[in-house]
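Subject: A structure for you to explore

Hi there,

Here is the structure I promised to pass on. Have it open while you read, and I will walk you through what turned up.

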Amino acid sequence: MRKGTPIVKIMDGGLQEFNLRAGAENIPGAAGFARAVQLVTEEENARLKEMRDALISSVLERIPRVTLNGHPEKRIPQNANITFHLVEGESITLHLDMYGISVSTGSACFSRSLEGSHVISAIGGDHERVHGSLRMTFGRYNTMDDVEYTVEKLESIVKQLRAISPLGKQ
Amino acid sequence: MAFPYNDKVLEHFRNPHNVGRIENPDGQAVEGSPACGDMVSVNIKVDPESKTITDIKFESYGCASNIATGSIITDLAKGKTIEEAKKITWKDASEALGGLPAIKVHCSVLAVEGLRGAIRNYEEKHGLAVEKKPTTVDTVRRRLKKVMNPLMGLDMVSTNLVEKIEVADGVVGIVINMPEDHQFSASIKEEIKEKVETLWDVKKVNIEFTG
């Protein structure tokens, strides 16, 4: 760690590790972290980015009334965050879960505190945009097939939920 | 995070009953708003002789508990007289669903209010509404008890968000104990206006924020 980095300890007790982390050294944790860092490679990042971009462009192209949250390129490789307007995020998340797809939502209904995602609020999203937002992230076990499967399911779920929504119809 | 729903709730969520709208409904209501989160609309058809709800439909912009409650409450109300249907509570709905998580009360109570609102709308249109009483601080407080504090999942009165209520010459003044630039202040303000401005003798609602 660079000298002068302002850090605060999260475990109090003994004076081990320069009084920054109490307790005996966490060898399995350290070894696990080292291995995890090794697994982050340019190739793997490129693979994740490809899946992320395919998901974002397919959703924007095939599903009407959606907004990409965050910058199209300047974002971490594995993360796609999209708002599906006129529907609520927990409902989409629950439907996807039944198809074996695990995602998360910024919707207040999904959090224990009933507070929506402060991140989407902070980047200028209103409450409705937070409410219908979905965070989809990829990992090393995902493939391009998962992208196609997810977009397909999203398309039908969002259509189904919009059909029962009182919003967006006249 | 695991979803806190039982199989019955999930079944109603997946295949909700009585979804949609009725053309030329005898009574209708919309509860909630996109700003506050969830929203439910309820349409009813009432037999003029027996005062029985012959048809009922709902639409939902909300989470699973909101959709499932809309489904079960419309099942419960169908075929009942409006007097019987008025008495259906959130507890009845929750019991018929085999239980709902406590944190989901605010999402699911909207369907119950939607049903009551549609009945009230029917009564008002057909001259059945009870006599008009002048609005008092108590009336306003009762209405505010239907506005959720989104931070707590409970109403804004019991969570002490309401600092002061004044009623004078058709003007209602309400002081809310939260900063004006808070994430939820705009949606709360909008909801209060919706709830209080509809009182028959209220001309204006002034909302102030402190804190």
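Before we get to distances between domains, one definition: the domain bounds used here come from an automatic or database domain assignment. Please also keep in mind that this is a predicted model.

Let's begin with chain A. Its two domains are domain 1, covering 9–39, and domain 2, covering 42–163. Taken over C-alpha atoms, the centres of domain 1 of chain A and domain 2 of chain A are 34 Å apart.

Along the principal axes, the C-alpha atoms of chain B fill a box of roughly 50 × 45 × 25 Å. How does its radius of gyration fit a compact globule? For 211 residues such a globule would have a value near 17 Å, and chain B has 18 Å, so the two agree. Of the 211 residues in chain B, 39% count as buried. Among the contacts in chain B with a separation of 6 or more, 63% are between residues 24 or more positions apart.

Next, the inside. The largest nonpolar core has 55 residues, and those touching the most other members are B:Val42, B:Ile44, B:Ala64, B:Ala111 and B:Leu115. Helix H5 (residues 105–125) of chain B gives this core its largest share, nine residues. Another core, of 15 residues, lies apart from it and includes B:Val140, B:Leu144, B:Met148 and B:Val172.

Two helices are worth a look together. How do H1(B) and H2(B) lie relative to each other, parallel or perpendicular? The axes of helix H1 (residues 7–14) and helix H2 (residues 64–77) of chain B come within 8 Å and cross at roughly 85°. Angles of 65 to 115 degrees count as roughly perpendicular, and H1(B) and H2(B) are therefore roughly perpendicular to each other. On the H1(B) side, B:Val9, B:His12 and B:Phe13 meet residues of H2(B), among them B:Ala64, B:Ile67 and B:Ile72.

Finally, a backbone detail. B:Asn24 is not a glycine, yet has a positive phi of about 45°. B:Asn24 sits in the loop between H1 and strand S1 (27–32) of chain B and is exposed, with 7 other C-beta atoms within 10 Å. B:Asn160 is not a glycine either, and its phi is positive at about 60°. B:Asn160 is in the loop between strand S5 (154–155) and strand S6 (162–168) of chain B, and counts as exposed with 10 C-beta neighbours inside 10 Å.

Happy exploring!

How values were computed
Residues numbered from 1 in each chain as written. Chains lettered and ligands numbered in written order. Predicted model: local features only at pLDDT ≥ 70, side-chain atom pairs only at ≥ 80, totals over all residues. Core = buried A, V, L, I, M, F, W, Y, C linked by C-beta atoms within 7 Å. Buried ≥ 20, exposed ≤ 12 C-beta atoms within 10 Å, placed from the backbone. Helix = DSSP H or I, 4+ residues; strand = E, 2+ residues; numbered from the N terminus. Rg over C-alpha atoms; globule rule 2.2 N^0.38 Å. Contact = placed C-beta atoms within 7 Å. Axes fitted to C-alpha atoms, helices over the stretch in contact; angles between N-to-C directions. Parallel < 35°, antiparallel > 145°, perpendicular 65-115°, else oblique.
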